[in-house]
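Hi,

Here's the structure I promised to pass on. Have a look at it first, then read on for what turned up.

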Amino acid sequence: MNIPRRVSQIRPRVILSGIQPTGIPHLGNYLGALSNWVKLQKSAQPEDKLLFSIVGWHALTLPQDPAALLAARNDMLAVLLAIGIDPNRSILFHQDHNPHHTELSWILSCIAPMGKLRRMTTWKSRLAAARNSGSEDEVDESMLNAGLFMYPVLQAADVLVYKATHVPVGDDQQQHIELTRDLADIFNRTYKGTSPLFPLPTYVNTPSKRILSLKDPTSKMSKSSPDIQSRILLTDTASQIQSKIRAAVTDSIQGITYDPDRRPGTSNLLTILAACTDSDVIQVAKAYESQGHGTLKRDVAEAVEEFLKKPRAQFDRIRLETTYLDEVARRGATRAIEHSMVTMMEVKTRLAKSTENASLAAGSV
């Protein structure tokens with residue numbers, strides 16, 4: 001994956017993205033954000049800075065079991081290492097190991113307009129998924145906690161504390177990047193210096209396959225779904241993958257065609273097969289047009305197993321190396337703090353100057 005770089009661009013890019021530690025990633029996560037992170041790492045220029053964060057504070061916006069969350073944090077770190085994130089090339093760290101995130105989040109919350117926060121829509125989808133609701137219309141503000149309402153501000157702090165210039169995220173996060181740009185602009189105009197403190201980060205739409213639930217192909221594959229059969233996990237064995245694919249919802253129409261609107265289940269299997277074999281989905285569908293669902297499901301299961309076999313083996317090995325994981329997390333936090341400390345010193349300098357100017361103005365009245 002290549003992020004366009006203007007010829008006139010001189011400053012190195014600072015690329016940041018994060019993932020919540022809420023369970024073992026599924027196939028949709030891997031084919032989406034995570035594989036794109038690896039591609040970014042390979043295509044980045046030597047002077048570019050890459051930061052990949054496990055955002056534990058965001059996970060707390062919905063109820064969590066403390067012991068399960070701790071295990072999930074460690075597992076997510078092992079997953080990122082297993083799929084190819086290099087902690088020597090990229091800054092790989094736990095968000096909650098760097099206090100500057102929450103510190104800047106509070107400062108930004110003091111300038112964040114309530115109207116903009118109310119227009120954020122993601123909290124409804126997150127509540128709907130957590131409650132297994134069929135529609136966002138089934139949730140309302142009585143179910144909303146302040147942390148979930150404010151988490152776009154924390155997300156903005158995650159980005160701005162490193163002065164990130166590019167943020168690769170999915171479509172559902174574009175609204176949050178727009179808010180991040182708004183808060184950066186408000187801060188820059190409110191607390192002026194010789195130049196703007198925060199760059200306005202660029203939203204980077206990561207090209208990824210939209211992988212749907214195996215049991216409800218009208219919705220995305222999700223870690224929060226109560227039905228474990230709806231998703232394929234990185235840790236699933238070959239027999240588990242085969243069983244889940246065999247039970248995947250399709251239809252009774254003869255032949256195989258790619259038609260996401262009329263045949264979402266069949267089309268989802270074709271998408272998975274194409275993604276795991278790095279093929280064009282239309283060409284894959286054409287190859288199976290005279291076949292039945294049994295043949296398609298068999299080949300999808302084999303392709304998924306082949307695709308996940310290597311990272312699964314790496315994960316099984318790395319997750320047991322607790323000393324190594326602790327060292328990676330410690331070094332990542334140290335590097336992240338070194339970077340964000342400079343930003344926070346600049347933020348506090350501007351806040352102090354603003355306070356001093358306000359005091360002088362009040363004294364002259």
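Which residues in helix 1 meet which residues in helix 3? Keep in mind that this is a predicted model. On the helix 1 side you'll find Y30, L34, W37 and V38, and their partners in helix 3 are V79, L80 and I83. By class, that contact has seven nonpolar residues, with no polar and no charged ones. Helix 1 covers residues 27–43 and helix 3 covers residues 66–83; their axes come within 10 Å and cross at roughly 65 degrees. The crossing is right-handed.

Now for the charged side chains. Searching the whole structure gives 16 salt bridges. Here are some of them:

- R312 pairs with E305, at 2.7 Å from N to O. R312 counts as buried because its relative accessible area is 12%, under the 20% cut-off. E305 is also under that cut-off, at 16%, so it counts as buried.
- D299 pairs with R298, at 3.0 Å from N to O. D299 is buried, with 17% relative accessibility, whereas R298 is partly exposed at 45%.
- E321 pairs with R317, at 3.1 Å from N to O. E321 is partly exposed at 29% relative accessibility, and R317 is partly exposed at 41%.

There's also a network: E327, R330 and R331 are joined by salt bridges that share partners.

If you're wondering why such pairs can form, side chains of opposite charge can pair when their charged atoms come close.

Cheers

Methods:
Residues are numbered from 1 along each chain as its sequence is written. This is a predicted model: local features need pLDDT of at least 70, side-chain atom pairs count only at pLDDT 80 or more; totals for chains, interfaces and linings use all residues. Side-chain values use heavy atoms; hydrogens and water are left out. Axes are lines fitted to C-alpha atoms, for helices over the stretch in contact, and angles run from 0 to 180 degrees between N-to-C directions. Helices (H or I, at least four residues) and strands (E, at least two) are DSSP runs, numbered from the N terminus. A crossing is left-handed if the near helix is turned anticlockwise from the far one by less than a right angle, and right-handed if clockwise. Contact means heavy atoms within 4.5 Å. Ala, Val, Leu, Ile, Met, Phe, Trp, Tyr, Cys and Pro count as nonpolar, Asp, Glu, Lys and Arg as charged, and the others, Gly among them, as polar. A salt bridge is a side-chain nitrogen of Lys or Arg within 4 Å of a carboxyl oxygen of Asp or Glu. Buried means under 20% relative accessible area, exposed over 50%, partly exposed in between (1.4 Å probe, protein chains only).
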